[in-house]
Amino acid sequence: MSAPLEGLGLAELIAVDPAGLADEEGMQLAAHLIDRGSDACDDEALTRAEVVLDGLTDRETLSPRAVSRSHYFRANLWNSRRKMRSDTNGWAWRSAEADNEILELRRAIGHSGFAKLHALERAQLLTNLGNALNHIGRFVEAIEAWDRALAFEPRLAMANGNRGLGLSYYASALYDSGHNAVLAVAALDALTRAIAPDALVESLGLDPALAMFGRKKASLDGHFGEAAVADAANLDGYSLGRGRREQAYRRWCLNNRLFLNPLNDVGPHAIAGQDVMTLPSITVEGLDGGPGPPAVIHYFNGLKQEFATARYTLYEGVTDRGVHFSDRCVLLYNTLDYPAFGLGVERVKMAFRSAYALLDKIGLLLNVYLGLGHGERQVSFRNLWFKGGKGKELHPALDGLANWPLRGLYWLSKDVFEDAFRLVTEPDAQLLYELRNHLEHKFVGVRDDILLAITRSAVAEAPPGMFAITFDQLAARTLRQLKLVRAALIYLALGIHAEERRRKSGRGDGMVMPMSLDTWDDRWKRRD
């Protein structure tokens, strides 16, 4: 920061005219206003910083790197406003501050200037994105953001520390004590690295955060003994299947974090190579409409099986080579736009459709479980959250509900359906809604990446009603859709667990009659 700005008081900084400042000096002024305004809980300073940033981004001289940084500064501004609000510790499901913080962080990461930032700056941005996602309940995706930050700077204290806190909160949300221990030990490891002597503490003023990391580490140290740490360290001594094909598939799922298993969020360890997550124990009044288990258990079984099938269908589509016999003698014309046809392409399309369709089925399950009262034909993942299934007023049963995973599920729906969110997600997640609409109702023209790269030819514009996309782009967006659905299913299961705990605390000591369910053996899934 330049000496003249460094020596000014907050009131003097607010009075500085940014018009006479060079681009970098203007950026420094905005940063100083945000830092000092946040420390002083001064909204006037934050508003002034916003004005300064508006003026800077209007300049044609502002470099791409500075534009990315300006979005980062705006995110810090909204983070400060969120913390200054009186309901910061409440359970509001709506927050303009949280919305804007996430949007600005994604704009910073998605801008071409992000690649121009130093590795430390990129790590800081991704760390803050992880923090914001974790705050709203999207802890699965927060861990992915922190891991990406640590890929840029493995010693970053804030990335390691917040990852450790996030994993510990995730662990406490679980209903499986074995999984709880593994995630808690992973949290302990991250917190240890955050406060290690060689940890990179990127700025001044972080002592309170480091002290918090230390307290959490001490708490976990006291709760988990050496035996638990040793057990949690043995994460790869498990089978990945009977043959090379199955093992390759399961390794692909692990590397892409696609198993319905919280342990897959710790890393691609063999222990996580199974879809073991189920719903927690559920208590119902009466017989829930008839004898047998609650309807939501039937629903969740179907969701898991459809997810697993969509996942394998994508794997087949991206790994199969050669021409399948079903494609032989299917006469097609060359439309001169380097099209990609075949069973592999259609498998990826089918995987996308199947994964996307699961979201509305999650909406139906929650409508039944929470008793939201939406009509069966009208309920969807898009309108589930709102009073009457439309408009912008949150359903009264949800607004303020103290349920971290369900709140995350609500915010996840924004990525799919709200323009402001889905247009600033990363390229492989953009336009998922539009792609699905074309797959279901119009046309998707898939083009061959290899031929396009070889020829470097201009491609004619797609005809009306056709969504043009390369095979690699289609595969990446299908993978992103599957990852979104996986996160949604985890939030769903843990959200129901949180709701069951809340209901139990309000139910008192009444008699509960247990009903146990056997598992469906894998051998019974075959059709002879």
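The largest nonpolar core has 153 residues, and W385, L409 and L492 touch the most other members. A nonpolar core here is a set of buried Ala, Val, Leu, Ile, Met, Phe, Trp, Tyr and Cys residues joined through side-chain atoms within 4.5 Å. Buried means under 20% relative accessible area, exposed means over 50%, and partly exposed is in between, with a 1.4 Å probe and protein chains only. Helix α20 supplies the largest share of this core, 15 residues. In soluble globular proteins, nonpolar side chains tend to be buried together.

This is a predicted model: local features need pLDDT of at least 70, side-chain atom pairs count only at pLDDT 80 or more, and totals for chains, interfaces and linings use all residues. Residues are numbered from 1 along each chain as its sequence is written, and side-chain values use heavy atoms, with hydrogens and water left out.

Start with L409. Leaving out residues up to four places away in sequence, L409 touches I362, L366, F381, W385, A488, Y491 and L492. Contact means heavy atoms within 4.5 Å.

Next, follow α20. Helices (H or I, at least four residues) and strands (E, at least two) are DSSP runs, numbered from the N terminus. Helix α20 has 37 residues and reaches 53 Å from its first C-alpha to its last. That is close to the expected 54 Å, where the expected span is 1.5 Å times one less than the number of residues. Of its 37 residues, 27 are buried, so α20 is largely enclosed by the rest of the structure.

The buried residues of α18 are L432, L435, H438 and L439. They cover an arc of only 130° around the axis, which puts them on the same side of α18. The arc is taken over the directions from the helix axis to the C-beta atoms. What do these buried residues pack against? Their partners are α15 (343-370), β1 (443-447), β2 (466-470) and α20.

Now the charges. Side chains of opposite charge can pair when their charged atoms come close. A search of the whole structure finds 31 salt bridges, each a side-chain nitrogen of Lys or Arg within 4 Å of a carboxyl oxygen of Asp or Glu. In one of them, K414 meets D99 at 3.4 Å, N to O. K414 lies in helix α16 (residues 404-417) and D99 in helix α6 (residues 96-110), so the pair ties together parts that are 315 residues apart in sequence. Both K414 and D99 are buried.

K414 also forms a salt bridge with E418, where the closest N and O atoms are 3.4 Å apart. The relative accessible area of K414 is 5%. E418 is partly exposed, at 27% relative accessibility.

E144 pairs with K483, with the closest N and O atoms 3.9 Å apart. E144 sits in helix α8 (residues 139-152) and K483 in helix α20 (residues 471-507), 339 residues apart. E144 is partly exposed, with a relative accessible area of 23%. K483 counts as buried, at 16% relative accessibility. Elsewhere, E24, R65, R69 and E121 are linked in a network of salt bridges.

Helix α9 (residues 157-173) holds N162 and G164. Is N162 buried or exposed? N162 is buried, with a relative accessible area of 16%. Beyond residues up to four places away in sequence, N162 touches T127, N131, W146 and F213. G164 is buried at 0% relative accessibility. G164 and L183 are 19 residues apart in sequence, and their C-alpha atoms are 9.2 Å apart.

Two cysteines close the tour. C41 lies in the loop between α3 (23-40) and α4 (43-57), and C41 is exposed at 54% relative accessibility. Phi of C41 is near 50°, a positive value in a residue other than glycine. C329 is found in the loop between α14 (295-319) and α15. C329 is exposed too, with a relative accessible area of 84%. Its phi is near 65°, again positive in a residue other than glycine. How many disulfides does a search of the whole structure find? The search finds 0, a disulfide being a pair of cysteine sulfur atoms within 2.5 Å.
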